[in-house]
Amino acid sequence: AAARASTPRAGFEVETLDDEAVKDMNIFNWPGLEKRTNDFEQDAAADEMKMVYIKDGSATISDGEETQEANAGQIVMISDGTTRWSLKGDESVTLISMTTALDDVTGDGAGSSPAADDLEPLTPKDYAFVLGAGLLVGGIFAFATKMANEAQGHASRKRLARAA
């Protein structure tokens with residue numbers, strides 16, 4: 001098998017996710033939800049990655065150089081290009097997606113360490129897992145903030161009731 005590049009190549013990749021990975025990545029809370037009934041295109045700019053989880057259905061995906069089948073339970077990672085999604089007959093496909101800056105996924109930026117050359121390259125599944133973990137932490141923070149605000153509001157209502 002060919003070694004993966006340290007950053008996603010231009011085009012797209014299809015990976016199968018198990019239920020645990022879907023849960024860990026918090027996919028069902030991603031912002032993009034759509035049901036497609038006709039052929040369509042998905043694209044991502046050079047500095048971003050679009051991750052599309054196929055909840056239901058299947059499609060043939062092509063970027064002009066490569067063609068792959070993608071089915072429910074798989075994630076399609078698109079970077080620096082356009083993909084054409086072709087549906088079979090009168091079938092539909094339900095997608096959950098999100099787009100992120102490629103630097104957020106690859107970790108590019110200032111402060112590169114010489115020891116980084118010794119690290120194994122990450123797979124798209126690894127990138128998606130790291131992003132999902134970040135989304136999970138953000139969700140926990142939002143929940144904790146909401147609970148703190150509700151507790152503060154409850155205390156304020158008690159003080160007003162006592163004052164009346």
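1. Phe40 counts as buried, at 4% relative accessibility; buried here is under 20% relative accessible area, exposed is over 50%, and partly exposed is in between, with a 1.4 Å probe and protein chains only. Phe40 forms a stacked aromatic pair with Trp85, 5.3 Å centre to centre and 25 degrees between the planes. Phe40 lies in strand 3 and Trp85 in strand 6, so the pair links parts 45 residues apart in sequence. Trp85 is buried too, at 0% relative accessibility. Rings of Phe, Tyr and Trp (its six-membered ring) pair if their centres lie within 6.5 Å, with planes under 30 degrees apart called stacked, over 60 edge-to-face, and the rest tilted.

2. Before going on, the ground rules: this is a predicted model, where local features need pLDDT of at least 70 and side-chain atom pairs count only at pLDDT 80 or more, while totals for chains, interfaces and linings use all residues. Residues are numbered from 1 along each chain as its sequence is written, and side-chain values use heavy atoms, with hydrogens and water left out.

3. Back to Phe40: the charged end of Arg36 sits over its ring, 4.4 Å from the centre. The test for that is NZ of Lys or CZ of Arg within 6 Å of the ring centre and within 35 degrees of the ring normal.

4. The structure holds 2 aromatic pairs, and one of them is Phe28 with Tyr53, edge-to-face at 6.1 Å centre to centre and 85 degrees between the planes. Phe28 lies in the loop between helix 1 and strand 2 (32-36) and Tyr53 in strand 3, so this pair ties together parts 25 residues apart in sequence. Which of the two is buried and which exposed? Phe28 is exposed, with a relative accessible area of 52%, whereas Tyr53 is buried, at 7%.

5. On the fold: I count 3 helices and 7 strands, running β-α-β-β-β-β-β-β-α-α from the N terminus. These are DSSP runs, helices being H or I of at least four residues and strands E of at least two. Among contacts with a separation of 6 or more, 79% join residues 24 or more positions apart; a contact means heavy atoms within 4.5 Å. Buried residues make up 32% of the 164.

6. The largest nonpolar core has 17 residues, and Leu17, Met25, Ile27, Trp30, Met51, Ile75 and Met77 touch the most other members. Helix 1 (19-24), strand 3 (40-56), strand 6 (74-86), strand 7 (93-101) and helix 3 (124-163) each give two or more residues to this core. Another core, of 15 residues, lies apart from it, with Phe12, Val52, Ile78 and Val93 among its members. A core is a set of buried Ala, Val, Leu, Ile, Met, Phe, Trp, Tyr and Cys residues joined through side-chain atoms within 4.5 Å.

7. Met51 deserves a look: leaving out residues up to four places away in sequence, Met51 touches residues including Trp30, Ile75, Met77, Ile96, Ala128 and Leu131.

8. Pro124 lies in helix 3 and counts as buried, at 4% relative accessibility. Pro124 and Ile75 are 49 residues apart in sequence and 9.2 Å apart in space, C-alpha to C-alpha.

9. Now the confidence: mean pLDDT is 81, and 82% of the residues reach 70 or more; pLDDT is the predictor's confidence in each residue, from 0 to 100. Residues 1-8 stay under 50, although the model has 19 contacts for them beyond four places in sequence. Where pLDDT is low, the predicted coordinates should not be read in detail.
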